[in-house]
Amino acid sequence: MDSLVKNILNYFEYQSIDQSPLGFLEPYIIAEAGVNHEGSLEIAKKLINDASEGGADAIKFQTYRASMLASKDSPSYWDTTKEPTKSQFELFSKHDKFWKKEFEELKIHCDSAGIEFLSTPFDIISAEFLNDLMPVFKMSSSDLTNKPFIQNICGYNKPIILSTGASSMHEIDDALKWVSEFGNKIALLHCILNYPTKDSNANLGMLLDLKEQFPENVIGYSDHTLPNEMRNIEIAVLYGARIIEKHFTHDKSLIGNDHYHAMDIEDLKKLGSRLSHLKKITGSVKKEFLASEIISRKNARRSLVAAKTIKRGKQITLNDLTWKRPAVGISPSKVEEVVGCYATREISEDEIIKQKMIDKGYIKNGR
């Protein structure tokens, strides 16, 4: 996957979307670094380098101020055995130090590393300065019902990638109606808003429902399951996910935040290898025989064969015929065309029947 070749804007060209339910279309991979930089520009740049080396097409951060995002009494919604902080305000306050200057620097580093820069804004101020740095906006599932914020983002006249975690179809419909008033292109990412998401809760089949309900929109998948073998992502791609987002870290052993359900550079490389193999074995979605099967079509299929000696001039019946390999004579699919014909010469038992051995008008023509 060459991050210098892919362009996220290409994934919003609706006419290129394959509407078939299954098949392989190479996805756009977003490494969701979030705030796993822990407030360090050095670590953030390492995340960028790792994501680029690992084969991601984009790296995405999160931009917010805790005071604009959560009230001081906002409770947690994550696994507190992995991230013990029980207050959203307290947790977000630990990771909200990057702002305009830092993200401009990270954008420059992304450009030099050959990877697209993205960051999810969580407020109007961050959206304003991020607009100059990104080709599209990514919006969190948590803002799917945030009408004034969605309308604000639409005002930048850029495509939007919207996660749909913890939402109903009615809520998704509402969000799309708000966006449609502005005319922005929009991609919908299937997402389960659990941190982490159990494999049993992944519900990848919902991708098919999103494709059916919203055929004019790009559909993708934001994965919060533990990395492991990441078979979930392979299935999601086969189900039609054109954009894949997965949390990303430089060290999965770190406690707290999003490290514990994130992939690292080795996972990312493994994912790229798996997707390349998946593309290879998926091949065409149109059924047809391959050049490599021609010899099998010839030698493993059957021909009509004389079940007994057929005398010259005899009208052939079904009892005169059997079918055996190879397929160098008349195919059994043409049996009705052979029955009723006359043998133009004696056909020996077990001899493969060919067109020149039979004639429909043998007796009539006096031959």
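A disulfide is taken here as a pair of cysteine sulfur atoms within 2.5 Å, and by this rule the count comes to zero. The model on your screen is predicted, so local features need pLDDT of at least 70 and side-chain atom pairs count only at pLDDT 80 or more, while totals for chains, interfaces and linings use all residues. Residues are numbered from 1 along each chain as its sequence is written, and side-chain values use heavy atoms, with hydrogens and water left out.

Select Cys110, which is buried with a relative accessible area of 0%; buried means under 20% relative accessible area, exposed means over 50%, and partly exposed lies in between, with a 1.4 Å probe and protein chains only. Then select Cys341, which also counts as buried, at 3% relative accessibility.

Next, select residues 116-121, which form strand β3; strands are DSSP runs of E with at least two residues, helices are runs of H or I with at least four, and both are numbered from the N terminus. Five of the six residues of β3 are buried, so this strand is largely enclosed by the rest of the structure.

Another stop is Pro326, which is found in the loop between β10 (321-324) and α12 (335-338), and here a cis peptide bond joins Arg325 and Pro326, with omega about 0°.

Asn157 sits in the loop between α6 (147-154) and β5 (160-163), and has a positive phi of about 60° although it is not a glycine. Met230, in the loop between β7 (218-223) and α9 (231-238), has a positive phi of about 55° and is likewise not a glycine. Which of these is buried and which is exposed? Asn157 is exposed, with a relative accessible area of 61%, whereas Met230 is buried, with a relative accessible area of 6%.
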